[in-house]
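Here is a friendly briefing to read alongside the structure. Have the model open, and follow along topic by topic.

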Amino acid sequence: MMMDQNKVDKRGIIYIVIATLGFSIIPILAQIGLATNLGASTLLFYRFFLAFVVFFLYVIIAKKKVKLEEKSDYIHVFLAGLIYSLQCIFFFSSFKYISSSLGEIIYQCYPFFVLILAYFFLNEKITKGKLIGVALSIMGTIITIYGPLGNNHIRGIIYVIITAFISSVYIIFSKQRVSNIDTTVLTMYLCLVCSIVYLLYSLVRKDFVIITDLHLVFNVTVLAICSTVIGFFAFMKAISLLSAGYVSILSLLEPIFTIVLAYLILGVALTPLQLLGTTIVLIGVYIYERGN
């Protein structure tokens, strides 16, 4: 049954606001953690390991089926975990060089990559609305990057663009290979794969440390529980109560929340030209989502 567009469940709006608020603080907590010389891989290990424990307990208590249907599903989940791990390591590493606000805005160029990859691998049509939305997003991203860079490093910008591309690859791969798996179970497995990958990576780099600083423990716990677990559950609840269109459009609150929180917590503000670029990017993403 299609949702009556005139009757929007207010609970769904509350859930999506909670989800986007949780997701929006990820770049800020990452920047705070990296400022203490904690390696990105170590920070990500703690984030996903704690999230895995919570999801595992939930799956057991909810008596969900942990075993996957096909053997090939395990391979696909493992590959999806590797792709997601690569996406996160680039995203977190970018905050060594650029602000969380700028990183979040540049990341919004991902619809461009999704548009291209979906056309070739999912046979999705390229509509006029999608083209206009992508064009505006790219233009806004260029303006945001250009004006002016200040202390931002080109390496950080490149890392975020790579993140956007890998994120698009993950979206396409997930639609093709793991969309048949229960979302909670899939997320549990993804968190497990990511935590193993980051642990091995940090051990190889010899930068793994056991966190003892209480302030850092608090930040990592918030990152794992609020941003990953609660954010995920609120997002999935919003999807069950709202149409995909409402969810995607209300998700535009995420970069706005990041900009506000970065200013309140870190004292980092965008320049007027960057705010103009941000506005154009959000309009572009809005038009793109409407085109879907």
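Helix H1 (residues 10-24) and helix H2 (residues 26-34) have axes that come within 5 Å and cross at roughly 25°. Keep in mind that this is a predicted model. The crossing angle falls under 35 degrees, and H1 and H2 are therefore roughly parallel to each other.

**Where H1 meets H2**

- On the H1 side, the contact is made by Gly-22, Phe-23 and Ser-24, and these meet Ile-26, Pro-27 and Ile-28 in H2.
- Sorted by class, the contact of H1 with H2 has 4 nonpolar residues, 2 polar residues and no charged ones.

**The segment before H1**

- Asp-9 sits in the segment before H1.
- Asp-9 counts as partly exposed because its relative accessible area is 22%, and buried would mean under 20%.
- Leaving aside residues up to four places away in sequence, Asp-9 touches Leu-241 and Leu-242.
- Asp-9 and Leu-43 are 34 residues apart along the chain, and their C-alpha atoms are separated by 37 Å.

**Salt bridges**

- Searching the whole structure turns up 5 salt bridges, and the pairs below are among them.
- One of them joins Glu-69 to Lys-65, with the closest N and O atoms 3.2 Å apart. Both partners, Glu-69 and Lys-65, are exposed.
- Glu-124 pairs with Lys-130, and here the closest N and O atoms are 3.9 Å apart; the cut-off for a salt bridge is 4 Å.
- Are the two partners in that pair, Glu-124 and Lys-130, buried or partly exposed? Glu-124 is partly exposed because its relative accessibility is 28%, whereas Lys-130 is buried because its value is 7%.
- Glu-124 also forms a salt bridge with Lys-175, at 3.8 Å from N to O. This pair links distant parts of the chain, 51 residues apart: Glu-124 belongs to the loop between helix H6 (110-121) and helix H7 (128-146), while Lys-175 belongs to helix H8 (residues 154-177).
- Lys-175 is partly exposed, as its relative accessible area is 47%.
- Through shared partners, the salt bridges join Glu-124, Lys-130 and Lys-175 into one network.

**Aromatic pairs**

- How many aromatic pairs does the structure hold? The count is 22.
- One of the pairs is Phe-55 with Phe-233: the ring centres are 5.6 Å apart and the planes stand at 35°, so the pair is tilted.
- Phe-55 lies in helix H3 (residues 40-61) and Phe-233 in helix H10 (residues 214-241), so that 178 residues separate them and the pair links distant parts of the chain.
- The two residues can be set side by side by accessibility: Phe-55 is buried, with a relative accessible area of 0%, whereas Phe-233 is partly exposed at 27%.
- Phe-45, Tyr-46, Phe-49 and Phe-208 come together in one aromatic cluster.

**Positive phi outside glycine**

- Lys-63 has a phi near 55°, a positive value in a residue other than glycine. Its place is in the loop between H3 and helix H4 (71-94).
- Lys-63 is exposed because its relative accessible area is 75%, and the cut-off for exposed is over 50%.
- Asn-123 is not a glycine either, yet its phi is positive, at about 60°. You will find Asn-123 in the loop between H6 and H7.
- With a relative accessibility of 68%, Asn-123 counts as exposed.

- Thr-144 is found in helix H7.
- Thr-144 is buried, with a relative accessible area of 0%.
- Which residues does Thr-144 touch, not counting residues up to four places away in sequence? Its contacts are Leu-102, Ile-105, Gln-274, Gly-277 and Thr-278.

Notes. Residues are numbered from 1 along each chain as its sequence is written. This is a predicted model: local features need pLDDT of at least 70, side-chain atom pairs count only at pLDDT 80 or more; totals for chains, interfaces and linings use all residues. Side-chain values use heavy atoms; hydrogens and water are left out. Axes are lines fitted to C-alpha atoms, for helices over the stretch in contact, and angles run from 0 to 180 degrees between N-to-C directions. Helices (H or I, at least four residues) and strands (E, at least two) are DSSP runs, numbered from the N terminus. Angles under 35 degrees count as roughly parallel, over 145 as roughly antiparallel, 65 to 115 as roughly perpendicular and the rest as oblique. Contact means heavy atoms within 4.5 Å. Ala, Val, Leu, Ile, Met, Phe, Trp, Tyr, Cys and Pro count as nonpolar, Asp, Glu, Lys and Arg as charged, and the others, Gly among them, as polar. A salt bridge is a side-chain nitrogen of Lys or Arg within 4 Å of a carboxyl oxygen of Asp or Glu. Buried means under 20% relative accessible area, exposed over 50%, partly exposed in between (1.4 Å probe, protein chains only). Rings of Phe, Tyr and Trp (its six-membered ring) pair if their centres lie within 6.5 Å; planes under 30 degrees apart count as stacked, over 60 as edge-to-face and the rest as tilted.
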